[in-house]
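Hi everyone, thanks for coming. Please have a look at the sequence and the model on the screen, and I'll walk you through a few parts of it.

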Amino acid sequence: MPQLVYTDHRADPASWARELGISREAVELYLAGDVIDLHVDSFIWTRVFGYELTRRHGPGLFGARFYSQVDFPRALEANLTGAIWVITTNPLRSAAGRARAFVKNVTELRRILDSTAEFAVVRTAAEYRDARAAGKHGAFLGVQGGNALDRDPGALDLIPDELILRITLVHLTSSTLGSTSSPAKLTDRGLTDRGRDYVRRLDEKKIFVDLAHISKRGFWDAVEVHDRSHPLIVTHTGVSGVYEHWRNLDDAQLRAIADSGGTIGVMYQASFLGAGAAGRRAEAVVRHLEHIIEVVGEDHASLGSDWDGAIAPPRDLKTVTDLPRLVELMLARGWKPERVSKVLGGNALATIERLRG
């Protein structure tokens, strides 16, 4: 099995700090613990034009906008110790076609992950820790768009061996399950009866119900119907308390996720983080994280980049290798190391452990 070629910054953190223009303290704190991203969408470009995840890429045609923000070598170079690698659903296919595409895509993504010595597919916090002890990146799998498996009530049984950790109920279009938060929707009907049953099935299977992208009415429908013993998550979002936007959560929604024992991942799409220049700096990500902490405490804020999800990130957070810059900004705001470590990966891992051990 060929090994990936990358620079291991753990060997010389001072050099990486100089390269990024930040303090060695920030880099060493970043390197000291888990760094887990709740939403990485790079596989979509593998499907669209053959983007090779196992090859180190440059910034691409658009200067690391939209795509070419993550690949396996850069993830290792960035010490991204774990992530949920996402299979995004094409809503234009038929229900049967979406189910067939899911089976094909989950097989292909797993094949790519299994082809490397440095990545391990994991299902639980315990398996993630085993991967880390072996020096590997712990790769969880997720689905964006529950309509991938809405063909019939048994479609969720196509998921092999608890392989999928989370399913985002809806994406940018409404579906048989419910309404999107996107302004493109005609009405907000919340969750449908099928969507409610879908939430119940996800709970039975111990698959996270991910409430990113769902309409406000659908959000509260899911909170009402889900198994209260399971945590809910929102893997990639902004917060309205910092910047009012249709993609962002209000404080009541933050409290609902926290009350379930879940976590909220802040994404890096600049236009969701703030208007104009306010959203185009990495500090905007930290402001959104800080608002979550102010409202529900430091145990419920996480990273959920949406790297390669056709996003335009802050210009000082263009790719995964820029992540330590967030730590420099957190320390500048007076955050203690324990809080920084929770947000970088500790909270995500604790939430996964609550659901699956």
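Let's start with helix H9, residues 251-259, whose buried residues are Gln253, Leu254, Ala256, Ile257 and Ala258. Buried here means under 20% relative accessible area, exposed means over 50%, and partly exposed is in between, with a 1.4 Å probe and protein chains only. Helices (H or I, at least four residues) and strands (E, at least two) are DSSP runs, numbered from the N terminus.

Before going on, a word on the source: this is a predicted model, where local features need pLDDT of at least 70 and side-chain atom pairs count only at pLDDT 80 or more, while totals for chains, interfaces and linings use all residues. Residues are numbered from 1 along each chain as its sequence is written, and side-chain values use heavy atoms, with hydrogens and water left out.

Back to H9. What covers its buried residues? The cover includes helix H8 (216-225), strand S7 (233-239), strand S8 (248-249), strand S9 (263-266) and H11. Just after H9 comes Gly261, with a positive phi of about 85 degrees.

Now the core. A nonpolar core is a set of buried Ala, Val, Leu, Ile, Met, Phe, Trp, Tyr and Cys residues joined through side-chain atoms within 4.5 Å. In soluble globular proteins, nonpolar side chains tend to be buried together. The largest core here has 97 residues, and those touching the most other members are Trp85, Leu169, Leu211, Leu323 and Leu326. Helix H11, residues 283-296, gives the largest share of this core, 7 residues. Take Leu211: leaving out residues up to four places away in sequence, Leu211 touches partners including Leu169, Phe219, Leu232 and Ile257, where contact means heavy atoms within 4.5 Å.

Next, the strands. How many residues of strand S4 (137-144) are buried? The count is 8 of 8. His137, Ala139, Leu141 and Val143 point one way from S4, while Gly138, Phe140, Gly142 and Gln144 point the other way. Two strands pair if DSSP finds at least two bridges between them. Strand S2, residues 82-88, pairs with S4 in the parallel sense over 7 bridges, and Gly82 stands opposite Gly138. Strand S3, residues 119-121, also runs parallel to S4, joined by 3 bridges. S4 pairs in the parallel sense with strand S5 (residues 164-168) too, over 4 bridges.

Finally, the rings. Rings of Phe, Tyr and Trp (its six-membered ring) pair if their centres lie within 6.5 Å; planes under 30 degrees apart count as stacked, over 60 as edge-to-face and the rest as tilted. The structure holds 15 aromatic pairs. Why is the pair of Phe49 and Tyr67 edge-to-face? Their ring centres are 5.5 Å apart and their planes are at 90 degrees, so the pair gets that name. Phe49 is partly exposed, at 45% relative accessible area, whereas Tyr67 is buried at 11%. Trp85 and Phe119 form an edge-to-face pair as well, at 6.2 Å centre to centre and 65 degrees between the planes. That pair links strand S2 to strand S3, with the two residues 34 apart in the chain. Trp85 is buried at 0%, and Phe119 is buried at 3%.
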